Amino acid sequence: MVEKAEEQNAPGSETSTAERRVRVGIVGCGEATQIIHWPTLYQLADRYEVTALCDKSQPILEELGKNWNIPNLTTDHRTLVTRNDVDAVLIANPDAFHAEVTLDAIAAGKHVLVEKPMCVTRREAEQIIAAQKKTKVVVQVGYMRRYAPAFLEFCEVVKKFKEIKFARVRDFIGHNALIVNRTSRVVRDEQLPESVKKDGKLRKDASLDEAVGEKAGPAIRQAYSLMLGLSSHDLSAMRELLGKPKKVLFAAQRDSGLYMAATFDYGPYVCQFETGIDGIARFDAHLEVYGEEQVVKTQYDTPYVRNSPIRLTITENNGRGGVSELDSHPTWGDPFVAKWRTFHENVTKNAAPKTDPADFLEDLELFTEMARLMRKQ
């Protein structure tokens, strides 16, 4: 049951009447939950109430439960997803466990917002798709970049292109800790039991064995893991912007899978993809589309500093023999807030999200083909 809030919306919210509040249980209380999801849900208190937390670390649970005034704490996600005071589940635990928790939440009749990746293997994706189709619950994959106003405006501009000549997707970032450690306080458990760590590694290894094959070397496994993580944002946004490519023309990895490049065939043009993780504390992520007389780009910044501007740049022939450039910041706001607002609308109106399980499967298909081409080198 989704509750109706007793209080009016917070100042600055978009509606003036009370919203139906969705009660959220959180599985996985790491840095993404602490730095991004909890502040977002607090901001959207007219729409959401966090009622339960789950994490493998008891010390983290106890401190966050105290700090956030949430008494319902558990180390077993199955306990959380069957609670009567949970309408929806945020799944933000390690990637290899996403499918299991998603399936258990669906079976319990709960709506799901699952952080990327939704799962690791095609088999898991097909299981989730089948399970969701049997129910009326919403399953939304957490591709926040695709809900950002600048990205949506970017898509509308590109739709008006008479012809696309070339496209580029780029994402070079420093290790998250370079930014997180200087901008946030994260509650961590330095004494996490070895049994928990071992279980996580075994589950991850088994998932990668199934996804890319037991004979795939460490570099391919790392590259595929990077695709599931950082690159899933990039290539998912690419698909919404340009559609699914006809095929992958080329894919390669270097530096043990931490740097990758790929070329996607879109018929009249190609899209070049490039990504890597280094030791520079910056976030250089953008999509760029080239037309005959106009180039359009959307530039993202780190999600770990909330409300960082997402910029839209249009460079074009000014008709007088020169060049004009519009560099805009369409609106203040955080893409995670936009994503959670959309999730609330999907849940309360029983609407299908654009980032649903079937949509994620298209990303997995691209990742699988990229990994296959990398193995051939």
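Trainee: At what angle do the axes of helix α5 (residues 122–133) and helix α11 (residues 357–375) cross, and within what distance do they come?

Mentor: As a general idea, two packed helices are described by the angle between their axes and the distance between the axes. In this structure, which is a predicted model, the axes of α5 and α11 come within 9 Å and cross at roughly 165 degrees. Because angles over 145 degrees count as roughly antiparallel, α5 is roughly antiparallel to α11. The crossing of these two helices, α5 and α11, is left-handed.

Trainee: Which residues make the contact between α5 and α11?

Mentor: On the side of α5 the contact is made by Arg 122, Ala 125, Ile 128 and Ile 129, while α11 brings Pro 357, Ala 358, Leu 361, Leu 364 and Glu 365. When the residues of this contact of α5 with α11 are sorted by class, there are seven nonpolar and two charged residues, with no polar ones.

Trainee: How do I read the pair α4 and α5, and are they roughly parallel or roughly antiparallel?

Mentor: The axes of helix α4 (residues 98–107) and α5 come within 10 Å and cross at roughly 10 degrees. Since angles under 35 degrees count as roughly parallel, α4 is roughly parallel to α5. In this pair, Ala 99, Thr 102, Leu 103 and Ile 106 of α4 meet Glu 124, Gln 127, Ile 128, Ala 131 and Gln 132 of α5, and the residues of the contact divide into five nonpolar, three polar and one charged.

Trainee: Turning to cavities, how many of 30 Å³ or more does the structure hold, and what is the volume of the largest cavity?

Mentor: The structure holds three cavities of 30 Å³ or more, and the largest cavity has a volume of about 90 Å³. Its lining consists of 13 residues, and those lying nearest the centre are Asp 301, Thr 302, Pro 303, Ile 310 and Pro 335. By class, this lining has seven nonpolar, three polar and three charged residues.

Trainee: And what lines the second largest cavity?

Mentor: The second largest cavity, with a volume of about 70 Å³, has a lining that includes Ala 148, Pro 149, Ala 150, Ser 308, His 329 and Asp 334. Ile 310 and Pro 335 belong to this lining too, and both are among the residues nearest the centre of the largest cavity. By class, the lining of the second largest cavity has six nonpolar, four polar and one charged residues.

Terms used:
Residues are numbered from 1 along each chain as its sequence is written. This is a predicted model: local features need pLDDT of at least 70, side-chain atom pairs count only at pLDDT 80 or more; totals for chains, interfaces and linings use all residues. Side-chain values use heavy atoms; hydrogens and water are left out. Axes are lines fitted to C-alpha atoms, for helices over the stretch in contact, and angles run from 0 to 180 degrees between N-to-C directions. Helices (H or I, at least four residues) and strands (E, at least two) are DSSP runs, numbered from the N terminus. Angles under 35 degrees count as roughly parallel, over 145 as roughly antiparallel, 65 to 115 as roughly perpendicular and the rest as oblique. A crossing is left-handed if the near helix is turned anticlockwise from the far one by less than a right angle, and right-handed if clockwise. Contact means heavy atoms within 4.5 Å. Ala, Val, Leu, Ile, Met, Phe, Trp, Tyr, Cys and Pro count as nonpolar, Asp, Glu, Lys and Arg as charged, and the others, Gly among them, as polar. On a 1 Å grid over the protein atoms alone, a cavity is a set of points where a 1.4 Å probe fits but cannot get out, and a pocket is an open set with protein on both sides within 12 Å along at least five of seven lines; lining residues have an atom within 4 Å of a point. Grid points are joined across faces, edges and corners, and a volume is the space filled by probe spheres set on the points.
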